[in-house]
Structure formats: structure tokens, C-alpha cells
Amino acid sequence: MATVPDRPLGAGWRRPGFRSPTVWEGPLPKGRQIGTLTGMTIYSHHAGDPGLDYDVVVVGAGLSGLYAVHKLRGQGLRVHGYESAEGVGGTWYHNRYPGARCDVESIDYSYSFDEELQQEWTWSERFATQAEILAYLEHVADRFDLKSAYDFLTRVNTTVFDDERGAWTVTTDTGATASCRFLIMATGVLSATNKPDIDGRDLFAGETYHTGEWPHEAVVFAGKRVGVIGTGSSGMQSIPVIAETAEHLVVFQRSPNYSVPAGNRPLSDEFIAEVKANYAERRRLSRESGGGTPNAPYPKSALEVDAAERKRVYDEWWNRGGYLFAKAFPDQTTNIEANDTAREYVEARIREIVRDPAVADMLIPTDHPIGTKRIVTDSGYFETFNRDNVTLVNLRETPIEQIEPTGVRTSAQSFELDMLIFATGFDAMTGSLSRIDVRGRRGRALREEWAAGPRTYLGLAVHGFPNMFIVTGPGSPSVLANMVLGAEQHVDWVADAINYVAEHNATTIEAETDAVDSWVAECSAKASNTLFPSANSWYMGANIEGKPRVFMPYIGGFGAYGNICAEVAEAGYKGFEIS
Ligand code: N01
């Protein structure tokens, strides 16, 4: 005799009106097996379209996809996932370059949906390493039996909507195909790597790596002449670690970036106990906050306080560490004069650290207001340029002319190298979607729909692409907020929307064109009230040649955005057509 558990698999398991499972005393039911929980087999009783392979297909097994599988299975839906990598983790699976860490504190960059999970997992450091985050995601996947939902090493090539059937068909590079009612694109925002087309790029005969596609095998720098192209977060995190053992390191910098030391440290037992005792309140504050963590700026404007008070605040935020420095004062990224005070403070700190004033000059950005590109959270970055085995090359003065079999030739000299590392970033926010051939109503391609920049309603849905949801995509706070809580908020919203469709015996939910127009205008208005559009950042798509210049995330705040989504749902999914 087998039983189906009568306790929730997750919030929403027993939503009114939905076909939730009950305790079975008799022989195994005839539903489709959807997983196991504490040794019991779970069967779906969702009366979806039996002609479809699945109720939901989830693309991606990063932190968004994993939660989507868990949540929707918990609603009794038949869920299947595809993941191009061999394992779970998404960006944390691939970005295993030396020094890779998250710049959001580990105690916040973790799931909140399950209290037991939250209590049983203990982070060892304030800013977790990639390895620890991946171990955490592995733990989550095992704990909730999520891997069983996935085909790994399977890349989704096309997704096509069938107007007649109100369903999607997904095809993959292994030849596997699947039909489903709902499609969840949990494809990640920093997943599609950018390897710039530098002359001779593929001619280099030594070892070549991209930080975003780092191999699983150990990479040895000792005794080697290493070149790194790119000084964004990935470059600035890996450079100090590489410099420790490389014979010589050449850093090819096109644009300098602002960085603030992480102030990383091990977490004490007392601190962890206090966090765990107050997690609920911490999460509540995070959900209401601007950035998805329980941090708020100083309560006064940078221009309202005198120089001594301003310095005290900047000292405090500098010592806190990391990108939050951009939010020390509330007007720092909206008012250029306020921004200048932060910029001058950081410039002075860089000059204190870097011994050679000419090198310090090269390391200080001059092309964007501080904080309008993500401030890097580093561990010893500027100090690295005091080492004898490190050379900084300013590509603005001496651009790369050619990559050659033996190294890199700039307009000034040739650098002989044994290893070349591309820390050149991503086709962010839209790249992972545009690399899939997504076809909506009447065969319309998402690439065409977004030719002038991404157009979504709430970052979640696209007109003409019914039943397709994007998690943490363009038009949502996404990378401007805590991605884990962002993913939970999105997936919970989508799960409720799917319930709503089922409860109303409907087949499709689709963003209305007017709703998309107004949301795009709202996102643009919010961005234009800030200094962000003035930077050539990946937020703007400016790092990819030919990409439309549009500020992609929603910058109205995480809490405010959550409220808007909730109001839309409460108003019967205002702006969506349900049919
Ligand atoms: O990528 P980037 P990233 N020739 O785009 C340079 C998150 N992240 O992987 O600025 C020469 O920021 C480019 O130069 P320029 C985080 O949100 C987080 O470092 O275009 N150089 C730039 O210096 C971050 O913002 C963490 O002039 C070229 C670099 O390559 C985001 O991911 C860690 C070039 C790319 O920097 C992306 O970071 C890592 C060319 N042709 C990443 N093309 C943490 O949590 C590009 N570059 C801490």
C-alpha cells in the first residue's frame, strides 16, 4: 500500500479550486509519477490536457528553474525541465573561475520558501564562493528531488506556440521534443557568454578560457605568462587570485571599473544563530526593500549633510564592503552632484592603495557615474597592481591589434603569453533567450518582437507569446535586486497565475499589447529619472555590438515591483487576456 502525502510540498499545494492530491489508502493511483518526498511517491492528479506531454516545461536548472520545478510540482502539475549543462546551478555551474563569489551576502542570497531548508543550511562566509553556492543548489536539488524532473546535457533549440491547441512544443539538440501548456524560461540573465570578435581571436595557440565557461579541471597558473582581457566583476575577482601564482600577469583593460573591497569574513556561530532566529523578519524587510536585502540607504541626501558627516557615511559603507556602496546615500545614482561626492571618495581610496600614481590614474574610471555600472566587490584588486609580476595595459591608449599564436599584440608592443583568459562578460538579460528560436502566435519570432529592445509586461510575459513566462527577465528588477528572492517572487506569481487559468477553465493567459506598451514606458521613465542610462553598461546592452540601447531592468525597486505584481493578480490579472 502506497500513500500520497497529505502535507504540502510547498506553499500553494492546496490552493482552493485546484486539483490537489489526497491521502490514498488503496492501490497506487493511475496518475503520472512526478517525484518523491521522504520516500513516498507523488502522483499528479492535475486534469491537464492528456494529449500534451507535460503541463509545464521549465528551461534551465539554475536557481530560478529549480524553484519553478519544485513549486509547480507542488501544485500537482506535470513538470519537465531541460538544462544544457551536466548539472544544476546555472550561472553558478559555469562561472567557476578563480575568486568567483557572490556579491550579495550569503545569508540573503538563499531561498526563503522552506523554513526547514533555511534553518538547516549554514553558510560559512559572508560572501559565499561559487563552490559553496553550487553545493547549496545541489543540496536543494537533492533535498526536493528536483533532478528527476530534468533532462541534462540537453539544450532547447526551439519553442513554438500552436495557436489551435494553445500549447507549446519544445525541441532540443538531442532530438527530444515535448509539448506542454505552459513554458517557463528560467534561462538566466548572465548566461550567454560574450567572446568579442577580436582580430585573430581563435589563433592563440596556448590555453584559452572564458570566465563564464570555466572548466571543471584545475587550471594551473604557476610558472605561466597569463593575459586577462576584461576588468568587470569576473576579471576583477579573478585577477588577484591569478596574480598570486602566475609567473607574470598582463591585464588588458579597456574601461576601468569602480570596486569596493568585499570585507569578506567567516561567519561566527553566534551571528548565524541570530540570523536564523530572525530570518522571517529579515526576509520581510528584504521583500519590502529596494534591492531585495534588508539594507537601506542613509536617511539623508548626500548634498544635505556636511563634508564630515558625508565622509563618515562613506567610510561606514566602504567598510561594509561591496556594491552596496552605490546606495550609501539615496540620491547617489539620481543626482550627478551627489554622485560626484561618492566618486571623489572612491578615487581617493584607490590612490591610497595603488603605489604608482600613473597606474592609479589608469585604474580610475572617467566614463560613467559611480554605481551606474555594477560596482565590483573585490578582494585585493587594486593591491594587485603593486605586485612586480603584474602589468596593466590601457587599451584605450594602445588597443589590441591582433591576437597571435604566441600572445597579444597591441598598437605599442607584443605580449608573449601561455594562457589567455576572456573575462569579457555576457550578452546579458536577453542573450540566453535570443539564442533560442522562440516562436509565438502565427510563428512570430521573439527576436523580431524584441528587435528594438525587450518588450515585456512586468518582465514576466510578452504579447503574442501566450503561456510563456520569463523569470527575472528584462522589465523586472532582476539583476538590480537579490536574484534568489526575485526568482521566488516571480515563480510564486506564475504559479498563482497558472492556478487562476485552471480555476477559470481557461487555456491561455497572454499579456495585452497595451499593458506591454505602458510597462515598457514605465520602465523607461523610471530609468530616465536616474543616471544609469548615461553609462555604456550591459544593463543598457551597450557591451554587445548592434544590440539596441535600452535600459533593461526595472529600476523602481524590488518591494514596489512586488506590490505592482500583486495588485495585477488581485485585479484578476489586469493587463492579461485569459481565454
Ligand atoms: O562582465 P562585464 P563580467 N576588448 O561585462 C571587457 C555579474 N557578476 O563577467 O567595459 C577589450 O562587466 C569590458 O570592457 P568595456 C555582475 O552583475 C557578478 O565581469 O566594455 N575588453 C569589461 O571590462 C557583473 O556586472 C559577480 O570597455 C573587452 C569586461 O570585458 C556581470 O556579472 C561576479 C572587450 C566585461 O565586463 C558581468 O560581469 C561576476 C574587447 N573587445 C559577475 N569586450 C559577483 O557576484 C569586452 N571587454 C561578484
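This is a predicted model: local features need pLDDT of at least 70, side-chain atom pairs count only at pLDDT 80 or more; totals for chains, interfaces and linings use all residues.

Visitor: Is the crossing of α1 and α14 left-handed or right-handed?
Guide: The crossing of α1 and α14 is right-handed. That term applies if the near helix is turned clockwise from the far one, and left-handed means anticlockwise by less than a right angle. Helices here are DSSP runs (H or I, at least four residues), numbered from the N terminus.

Visitor: Which residues of α1 make the contact?
Guide: L63, S64, Y67, A68, K71 and L72 of α1. Among their partners on α14 are M483, V484 and A487. Contact means heavy atoms within 4.5 Å.

Visitor: New topic. How many residues surround the ligand?
Guide: 25 residues surround the ligand (a heavy atom within 4 Å). The closest are T231, S234, Q237, R254 and S255.

Visitor: Which helix gives the largest share of that shell?
Guide: Helix α5, residues 233–245, with 3 residues.

Visitor: What does the backbone of T231 do there?
Guide: A backbone N or O atom of T231 lies 2.9 Å from a ligand oxygen. That is a polar contact (N or O atoms within 3.5 Å). For R101, a backbone N or O atom lies 3.2 Å from an oxygen of the ligand.

Methods:
Residues are numbered from 1 along each chain as its sequence is written. Side-chain values use heavy atoms; hydrogens and water are left out. A polar contact is a pair of N or O atoms within 3.5 Å; within protein, one must be able to donate a hydrogen and the other to accept it, and residues adjacent in sequence count only if both atoms are side-chain atoms. Helices (H or I, at least four residues) and strands (E, at least two) are DSSP runs, numbered from the N terminus.
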